[in-house]
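Here are my notes on the model, as numbered points. Please keep the structure open while you read.

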Amino acid sequence: MIKTLVSPCTSGFGSQKLKFDRSCKKVKLRAIRMELTITQPDDWHLHLRDGDLLHAVAPHSASNFKRAIVMPNLKPPVTTTAAAVAYRESIMKALPSGTSFDPLMTLYLTDKTQPDEIKLARESGVVYAVKLYPAGATTNSEDGVTDLFGKCLPVLEEMVKQNMPLLVHGEVTDPSIDVFDREKIFIETVLQPLIQRLPQLKVVMEHITTMDAVNFVESCKEGSVGATVTPQHLLLNRNALFQGGLQPHNYCLPVLKREIHREAIVKAVTSGSKKFFLGTDSAPHERTRKESSCGCAGIYSAPVALSLYAKVFDEAGALDKLEAFTSFNGPDFYGLPRNSSKVTLKKSPWKVPDVFNFSFGEIVPMFAGETLQWQPLK
């Protein structure tokens, strides 16, 4: 629900509105304040890390989201149900007291994963999906899959039986293929053949970055293939990597693409399609690991994500479609109930912190130091 509140101009925020009497003389200057109340969102693609980093970043996600699909690419990776249960317990210990945040766990698919592990995962009640990382595609993906249609086929078939979604990092890793084309080639050589071979397998194409991905998802049957979309791929194109010098805090994988791709993704998510849903891919790294000779891939968006998604929908004139994208499409795809709690966003300028300081170092958030217009009410 969008609410417009009119208050005296001394309130100090909002756009200005002039009030006139019947003679058209100016009577009073007022300010318009907009508030938007939506069902509390979930984050369907989140990196929480472990150790000190987990304790540092978990409260940011818990303050804005009700649930989150937690990625399993730790060191060592979360490859078993037992490890997923243990990781979930660690997350719960890192949350502020009284929080209702619910981490939804995933397994890391490898060439050695067995079908029985999928059965255990389904029976656990805490594992909701299996993540496919092509070996070497992104952070901590060294143990990922090298032979999807050979060694992993029995596992994929069991996932169909258990109605367990496959979450896909959609990039090929062949070094001869241009980094900006790896999503497109993955769709053509891996994803399309996979869907044809196992049409009943539920698939989420994670953090889509191209017009090709949009077209592929839109061509698939609703409820069988969906896609998560990040704030960075909605707001930034690849120029953001190089403006004013190399920008390591805008470096992520899959890498940012051309403007035509960004525009296609914005059009898709603001169209009202049920196939696209919120997944921040918030991926924290300590500042020195980003600003190094071999900087880590990942953008930390958890503290600002809701503000950034609201910015996208506001600028597209589609605020009425924001709630479905943030709060309905994801749980509907996963077959989970929608949240009953609400969150209110107000249109009130605020400045994103330059850094978040912790005992182990600093984390630089997305849009650090910049002014945003929308802010969740706490």
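1. Buried means under 20% relative accessible area, exposed means over 50%, and partly exposed lies in between, with a 1.4 Å probe and protein chains only. Helices (H or I, at least four residues) and strands (E, at least two) are DSSP runs, numbered from the N terminus.

2. A word on the source. This is a predicted model: local features need pLDDT of at least 70, side-chain atom pairs count only at pLDDT 80 or more, and totals for chains, interfaces and linings use all residues. Residues are numbered from 1 along each chain as its sequence is written, and side-chain values use heavy atoms, with hydrogens and water left out.

3. Now the sheet. Eight strands form an open sheet, in the order β4-β5-β6-β7-β8-β9-β10-β11. The pairing is parallel. Two strands pair if DSSP finds at least two bridges between them. β4 (43-46) and β11 (276-278) stand at the edges with a single partner strand each, so one side of each has no neighbour in the sheet. On average, neighbouring strands are turned by 30° against each other, direction ignored.

4. Two strand pairs can be checked residue by residue. β5 (residues 67-70) pairs with β6 in the parallel sense over three bridges. There, Ala 68 stands opposite Pro 103 of β6. β7 and β8 also pair in the parallel sense, over three bridges. Lys 131 stands opposite Leu 167 in β8.

5. Next, α1 and α2. The axes of α1 (residues 51-64) and α2 (residues 81-94) come within 8 Å and cross at roughly 70°. Axes are lines fitted to C-alpha atoms, for helices over the stretch in contact, and angles run from 0 to 180 degrees between N-to-C directions. The two helices are therefore roughly perpendicular to each other. The cut-offs: under 35 degrees is roughly parallel, over 145 roughly antiparallel, 65 to 115 roughly perpendicular, and the rest oblique. α1 passes α2 in a right-handed crossing. From α1, the contact uses Leu 54, His 55, Ala 58 and Pro 59; from α2, Ser 90, Ile 91, Lys 93 and Ala 94. Contact means heavy atoms within 4.5 Å. By class, that contact has five nonpolar, two polar and one charged residues. Ala, Val, Leu, Ile, Met, Phe, Trp, Tyr, Cys and Pro count as nonpolar, Asp, Glu, Lys and Arg as charged, and the others, Gly among them, as polar.

6. How do α5 and α6 pack? Helix α5 (residues 182-197) and helix α6 (residues 211-219) pack at about 20°, with axes 9 Å apart. That makes α5 roughly parallel to α6. Their crossing is right-handed. Contact residues of α5 include Ile 187, Leu 191 and Ile 195, and those of α6 include Ala 213 and Phe 216. By class, there are five nonpolar, one polar and three charged residues.

7. Look at helix α4 (residues 153-162). Leu 153, Val 155, Leu 156, Glu 158 and Met 159 are buried. Their cover includes α3 (115-124), β7 (127-132), β8 (166-168) and α5. Asn 163 follows α4 and has a positive phi, near 55°.

8. Tyr 87 sits in α2. At 6% relative accessibility, Tyr 87 counts as buried. Residues that Tyr 87 touches include Leu 48, Arg 49, Val 70, Leu 74 and Met 105. Leu 74 is 13 residues from Tyr 87 in sequence and 9.8 Å away in space, C-alpha to C-alpha.

9. Arg 49, in the loop between β4 and α1, has a positive phi of about 60° although it is not a glycine. Arg 49 counts as buried at 10% relative accessibility. Phe 367 likewise has a positive phi of about 60° and is not a glycine. Phe 367 lies in the loop between β14 (361-363) and β15 (371-376). Its relative accessible area is 15%, so Phe 367 is buried.

10. Finally, the cis peptide bonds. One joins Lys 75 and Pro 76, with omega about -5°. Pro 76 is in the loop between β5 and α2. Another runs from Leu 253 to Pro 254, with omega near 0°. Pro 254 is in the loop between α7 (231-235) and α8 (259-269).

Note on methods
A crossing is left-handed if the near helix is turned anticlockwise from the far one by less than a right angle, and right-handed if clockwise. Lists of a residue's contacts leave out its neighbours within four places in sequence.
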